[in-house]
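Please open the model in your viewer and keep the sequence panel beside it. The tour below moves from one selection to the next and says what is found at each stop.

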Amino acid sequence: MGLGAFSNLWQGETPNPWVGGLGLLAFNSLYVSVVFRGFDRKRRESVTSWVLLAAMGAVTFGLSIGYGGNWLLFFPLFSLACGTILRGRWLGAGLVVLAGSACAVAVWRGDHVSEPWTIGYGTFISGAVTAAILTLSETVTALRATREELARRAVEQERLRFSRDLHDLLGHTLSVVVVKSEAARRLAPHDVDAAVAQVADIESVGRQALNEIREAVTGYRESSLATELERAGPVLAAAGIGTAVHRSGPAPAPQADALLGWVAREAVTNAVRHSGATLCVFALDSTSERVRLTVTDDGTGPGRAVVATPGGTGLKGLAERLAAAGGSLESGPGPDGGFVVTAELPAGTWEPAGGRNCG
């Protein structure tokens, strides 16, 4: 569209050719600068871009009013540059004003190369189509970036799930193995049969741990509160800790039951490792709105401070899981001594954060 004006200069048909030549050079330079800035959002929205666009508008109106004819076609080019910079209400208002101005200048000059309404329409459509294409391109780029971010977060969530499962599984299993090994060592000089029974339990626990790790790797392992409470009795007994279980209210929903199973497992692991307790009490209180599991022991072991601040690795991970499910986990010294772990969850069904696996 600018070749007509250049042809007029080349053929000497333009009065004051030096002014026209400098104007054409300025317009082209500003056009290139403005358009390239339009592909970078930060540069596009800067004050410099607006100043360049204003300068380009001044050159466009000056050349079009001064020379008319082919120089009127700079209006569609200027509109295209506006489409690369302007967005939203500024774009619509700017294009309407610019198209109307192009028509008015064409009518006033009277030497237009085509009908004035055609110049106005071309001016409006140039900016509108350019802005639409660039907006679509930016949207596609943003969607691609979002997809990559979602994929990255999915990988992070899966790594976090696996690391948490592995920590909880191995921490509990190894604690049981240590306790039963100590029991077997104590019993061996006096009661070989009882020691052999403890060794057999160690073998059973090891096989069970292998199965649980395989399930954790595949992502389908669901803990169960009833199962964990059933397992807790022998484990705590081997460490010299008595067990008491109190239940009230309806059974919790499957998702809540699975998470509470992990809480019970971690509480047993901490009691075996750190407490020096003689009694561990599990209290499950369920209502139509909330379900609460409280695990209390009477231990005073030296390692309890480590667990209580800020909840240990296992308890901290469980607190994050429960928070994602709309619940909470608190742990610390009890009012009457010992150590208390309290977990609360909504009683209804919900979708655990991070996918199908509650662990």
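Helices (H or I, at least four residues) and strands (E, at least two) are here DSSP runs, numbered from the N terminus, and the expected span of a helix is 1.5 Å times one less than its number of residues. This is a predicted model, in which local features need pLDDT of at least 70 and side-chain atom pairs count only at pLDDT 80 or more, while totals for chains, interfaces and linings use all residues. Residues are numbered from 1 along each chain as its sequence is written, and side-chain values use heavy atoms, with hydrogens and water left out.

**The whole chain**

Begin with the protein chain as a cartoon, where the secondary structure comes to 12 helices and 5 strands. Of its 359 residues, 43% are buried, where buried means under 20% relative accessible area, exposed over 50%, and partly exposed in between (1.4 Å probe, protein chains only). If you switch to a surface, the accessible area of the chain comes to about 18,800 Å², and 63% of that belongs to carbon and sulfur atoms; such areas come from the Shrake-Rupley method with a 1.4 Å probe, and for residues only the protein chains shown count as cover. Among contacts (heavy atoms within 4.5 Å) with a separation of 6 or more, 71% are between residues 24 or more positions apart.

**Helices H5 and H6**

Select residues 74–85, which form helix H5. H5 has 12 residues and reaches 17 Å from its first C-alpha to its last, close to the 16 Å expected. H5 is mostly covered, with 11 of its 12 residues buried, including Phe74, Phe75, Phe78 and Cys82.

Next select residues 89–109, helix H6, whose 21 residues reach 30 Å from first C-alpha to last, close to the 30 Å expected at 1.5 Å a residue. Its buried residues are Leu91, Leu95, Leu98, Ala99, Ser101, Ala102, Val105 and Ala106. Seen down the axis of H6, these residues fall within an arc of 165 degrees, so they line one face of the helix; the arc is that of the directions from the helix axis to the C-beta atoms. The face turned away from the buried side carries the exposed residues Arg89, Val96, Val97, Val107 and Trp108. After H6 comes Gly110, whose phi is positive, near 75 degrees.

**Salt bridges**

Side chains of opposite charge can pair when their charged atoms come close. A salt bridge is a side-chain nitrogen of Lys or Arg within 4 Å of a carboxyl oxygen of Asp or Glu, and the structure holds 7 of them.

Select Glu138 and Arg87, whose side chains meet in a salt bridge (3.6 Å, N to O). Glu138 lies in helix H7 and Arg87 in the loop between H5 and H6, so the pair ties together parts that are 51 residues apart in sequence.

Move on to Arg265 and Glu228, which meet at 3.4 Å, N to O. This pair links helix H10 (residues 254–275), which holds Arg265, to helix H9 (residues 225–238), which holds Glu228. Both Arg265 and Glu228 are buried.

Then select Arg290 and Glu344, paired at 3.6 Å, N to O. Arg290 is in strand E3 (residues 290–297) and Glu344 in strand E5 (residues 339–346), 54 residues apart. Arg290 is partly exposed at 32% relative accessible area, whereas Glu344, at 19%, counts as buried.

**Two strand residues**

Is Cys280 buried or exposed? Cys280, in strand E2 (residues 279–286), is buried, with a relative accessible area of 1%. Its contacts beyond four places in sequence include Leu236, Gly242 and Val295.

Finish at Arg247 in strand E1 (residues 242–248), which counts as exposed at 51% relative accessibility. Leaving aside residues up to four places away in sequence, Arg247 touches Ala226, Leu229 and Leu284.
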